[in-house]
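Please read this note with the model open beside you, and check each point against it as you go.

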Amino acid sequence: MKTRPSITRFIGISLLCLSACVSQAHGQVSNLDPTMLIEGLRKEGMGELLKHLITKLQADPKSDPVVLKHVLINQHLLDYSQKWARAAKLPDAAAIEALRKEARADFDQSLTDRRDLIAKYPKHDLRPLWQTDLAEQLFDDYLRKINQNAAEFYELGVPTAEQREAFEKSAVEMFEQLSDADRRFFDLIGEMPRRPDHVARVINTGMWDRITKQYNELRTPYFLAYGAFYVALLPDSNPYYRNLGKNSVIPAAVQGKTPTEERARLLGIAVEKLQKFLDDKNDMNNVLRPSQSLAGRAKLQQGKINEATDLLDPIINANTTDLVDLVSRVARGYAYEKAGQPDQALAALTAAQTQGLARQELPFRLLVVDATHLLLLSRAMAQPADKRAQGLTTAYEPYQQLFADPALGAALPIVKAYVFKRWESSIPPGRDLKDEPALVVAAIGETSEQAGQEMAMRAGDLANAGNTAEAEKLTKEAHVKLERSVKVNTDLLARPNLSNSIKAQAMFNLAHARYFLDPGDDGVGVKVAGILVDLAEQLPDQALAETAIDRAITGLLFPMHIRPQRPPGVSEMYERAMKVLLTKYPTTETADNQRFYYANSVLVPAQRYAEAVSALRAVHNAHADYYPAQRLLVETDQVIFRAAKEREERKKLGNAVVMDATRVRDEAERDMGAAAGDRLVAVRQAAGWSRLILADMAVELDPATNEKEADANIEKALKYLDGFDRDFNADPELISMMLERRIVFHFKVDKLADATAEAKRMMDAFPDQAAGVINAVLTDVDRQIEDLNGRAANPVIADFDRKRLLELAQKKSVAETELATLLRTWAADPKRGKDAEGLLPFDLILARAKLNTGDAKGALEIIEPLMGKFPQNGELINAVGEARFIIAKELIKTDKAQGTAMMNDKVAPLFNSIITGVPAENGKYPDIWWNAWMRRLQISDLVQHGLEDIPLKVRQLEGVDTNLGGDRYKTELSRLRAKYAGLEATVAAPPPPKTDKPKNP
């Protein structure tokens, strides 16, 4: 291996030589060959030195313009190569394209300068070298690098429109320049030795060796062979063939008279020029293998199949995984086909896909797929018309196999877009697509959709930037593309026997095209989601199916479903989509992300508890929703348990609640130390909720049958809440719910002082939450008091037990009054900002408590003044009626006339207004309606009026509800009916009021 000279020494020599050239008179042949030195500077990457030389040459009026042009050419080539190399290392596609655009501009300028040099100095001795350099530049950089192996795709595959244009333009230019150079070398080599300064200026400067050895014998014939071969591949319609005999470079005498004759001549030139390289077994210039390959392909074009395979097989057998080997393998497949060996042809091309270069770089694999497609396409076109359609479908199967290869990974969309763009560009926009293969039609639909989508998004950006006119223009262009996609995909989906992969592709693109035609329309969004859900449901085995269900839910339905006002159809479509997702795609990220929301927002509110539990159990423990899901799971378990009626079922379900709550508590307490941020909040919530529910279950799982068991259950429940204040002091919601339970538990075991103390604590710490909690507690206490009084009223009960029950009821009533007073005082605080209407519920609570203690007058003092402000409030009317009823009932015992008058004038009208004005809700009357009827009949009993109507009215009430509103009312109403059964009126009493359009009091 030769030792490379030092950079410093090289620079010195270069400057010395170039300085000698700078002052040469314009037009004089240099006694040195400065182009070699200039090219050397470029190859060493010495851009700064080249720029320095440009400045110096431009400043010197005596400098040689040829030398200056060469420096400019090499500067542009250096800039091009450096920018192209840097672009390959950039991570961003837009940045890569921007830098490559700059690089191409430098490259194009170098070509322009070189062409200008060739045109301006037709007699210059170095002109054939410049022409060869131009051809090499087109061959290596323009066709292979910039246009991504355009020559190979043109010859063996399916070129893009850009590749086709680049090849057809370059092929002719290469051949013409090299043909001219070849003839010029012949003249120079004969003429130059006769010049008097030949030795000094040509031999001694190395120019002779460069002209004869490097160019005339090697580079020019080598690239001329390619140029001739490339022009031979051009169609008859190319201007080169249309203008035979009129070419300004190729003599008419040598050109063929017809395209066929000229093509044969060109292939002959290619083989002839390569022959000396084929004969040179030493291959000192390393051109033997590419020469064999090109000669073999030229022979194949000549129809000399055996000679072609003799040249191609040694290359293939050597197993050298480079482009020469790959091109030779593809050509060998075509050779088999031409030799009438179709199976071997397909086998050869299939094997070529596994060749090293094809395996490593997708463009070269695509080249082989293209070749396979073209081979099958030629077979299809040779079929009778009735069999051609199937043949065309088969011809596109290699592409489907490529797209289905999982090894493509993230490159799949890029490959598909590249292939589809080629197909679309080959079909005029107005052509009827009904006879085109389904895969091609689907590709056109997808390409149109993607182009329209991109335009629509750019239009949106322009509109946001205030460029309304340009945005509208681009929007119209986008709609043309999108409407074409809608039509193409709709027509395609109407075809019978469409393959699943094509159907999925068409549905996917149809959905996207429809969406981007009107992306702001919610109705369109729901319909588009329906198409995507159909795809996912009908074609779950297709690669697009998972993406479709994700876009339907995550991209369209979920954002609309979480709105306060959901657009029409969203709820139904979201539920349908979720069923498909959880049934057919349960392991996807989309399913993981939607389970908790779906259960919490749809299933639980709809009381579809079993489905909710199933969805929540599937949330994995690494997901952000895991602990919120576990919390909801335990809550839902508890709801299912509480709804169960049968004892064994309740026991089974209750044990499941305890098991889940215990598991969640243990997991959460274990993870609490390591969690942070939102995760910590969720973990803490789950831990606290599970303990609260365990406390509930301690009371509810095994209901107490006596006071001792009740105390034991409550103590067990309270143990779950030990240390709760300490463990969850950062979570007010949990502390509030804990206090609620403590209040309820203490009341249940009659620890009324403790319950009141906890209530005061809650009022101080959580006043907003406390109001609702204490109200719920008071409602429960009301039921307890009513139950105690009812049991005490049983005539068969012992006096001792009656006394105990009444004392307990009184004790609960006193505690209830204390709580209600506490609540009313809190509500009346001016900082609460409550007006009379806002205070009314609290007034009613306090009045109800006073009624339970027997303080009817105290209750009446609170609520009777409110009747003027709220004359139509049913709850207020009922409470005033209750207080007056108790007072009138006691008054009858001491002054019957005055008591009776009060009942008739002050009490009965209130209950009558409830009876006639309170409507049924969902076919069922509320408690105050039944209470009003009970009081109305009790008033008849007390004042001894209308007694004969009581039995009939009770029977009529049974027609409304056989249970007469529940045990509380049924017992009393049944008693009254039995008491006056013998006095039943013979004339039917008026029926209960109609419930279809009831009036409010």
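Which residues do ring pairs link into a cluster?

1. Ring pairs join Phe139, Tyr154, Phe167, Tyr222, Phe223, Tyr226, Phe229, Tyr230 and Phe277 into a cluster. Rings of Phe, Tyr and Trp (its six-membered ring) pair if their centres lie within 6.5 Å, and planes under 30 degrees apart count as stacked, over 60 as edge-to-face and the rest as tilted. By this rule the count comes to 29 aromatic pairs.

2. Please keep the origin of the coordinates in mind: this is a predicted model, in which local features need pLDDT of at least 70 and side-chain atom pairs count only at pLDDT 80 or more, while totals for chains, interfaces and linings use all residues. Residues are numbered from 1 along each chain as its sequence is written, and side-chain values use heavy atoms, with hydrogens and water left out.

3. The confidence deserves a look before the details, where pLDDT is the predictor's confidence in each residue, from 0 to 100. The mean pLDDT of the chain is 87, and 94% of its residues reach 70 or more. However, pLDDT stays under 50 over residues 1–17, which have 16 contacts (heavy atoms within 4.5 Å) beyond four places in sequence, and also over residues 986–1001, for which there are 28 such contacts. Where pLDDT is low, the predicted coordinates should not be read in detail.

4. As to the overall form, the secondary structure comes to 45 helices and 0 strands, where helices (H or I, at least four residues) and strands (E, at least two) are DSSP runs numbered from the N terminus. The radius of gyration, taken over C-alpha atoms, is 48 Å, well over the 30 Å that the globule rule (2.2 Å times the number of residues to the power 0.38) gives for 1001 residues, so the chain is more spread out than a compact globule. Along its principal axes the C-alpha trace spans about 160 × 70 × 55 Å.

5. Tyrosine 396 and tryptophan 423 form an edge-to-face pair, because their ring centres are 5.3 Å apart and their planes stand at 85°. This pair links distant parts of the chain, 27 residues apart, with tyrosine 396 in the loop between helix 19 (385–395) and helix 20 (397–403) and tryptophan 423 in helix 21 (residues 412–425). Buried means under 20% relative accessible area, exposed over 50%, and partly exposed in between (1.4 Å probe, protein chains only); tyrosine 396 is buried at 10%, and tryptophan 423 is buried at 4%.

6. Charges also sit over rings, which requires NZ of Lys or CZ of Arg within 6 Å of the ring centre and within 35 degrees of the ring normal. Arginine 263 lies over the face of tyrosine 241, at 4.6 Å from the ring centre, and the charged end of lysine 416 sits over the ring of phenylalanine 403, 5.9 Å from its centre.

7. Leucine 839 lies in helix 39 (residues 836–852) and is buried, with a relative accessible area of 14%. Leaving aside residues up to four places away in sequence, leucine 839 touches Arg824, Ala827, Ala828 and Lys834.

8. Most residues other than glycine have a negative phi. Asparagine 922, though not a glycine, has a positive phi of about 55°; this residue lies in the loop between helix 42 (896–917) and helix 43 (927–943) and counts as exposed at 85% relative accessibility. Glutamine 944 likewise has a positive phi, near 60°, and is partly exposed at 45% relative accessibility.
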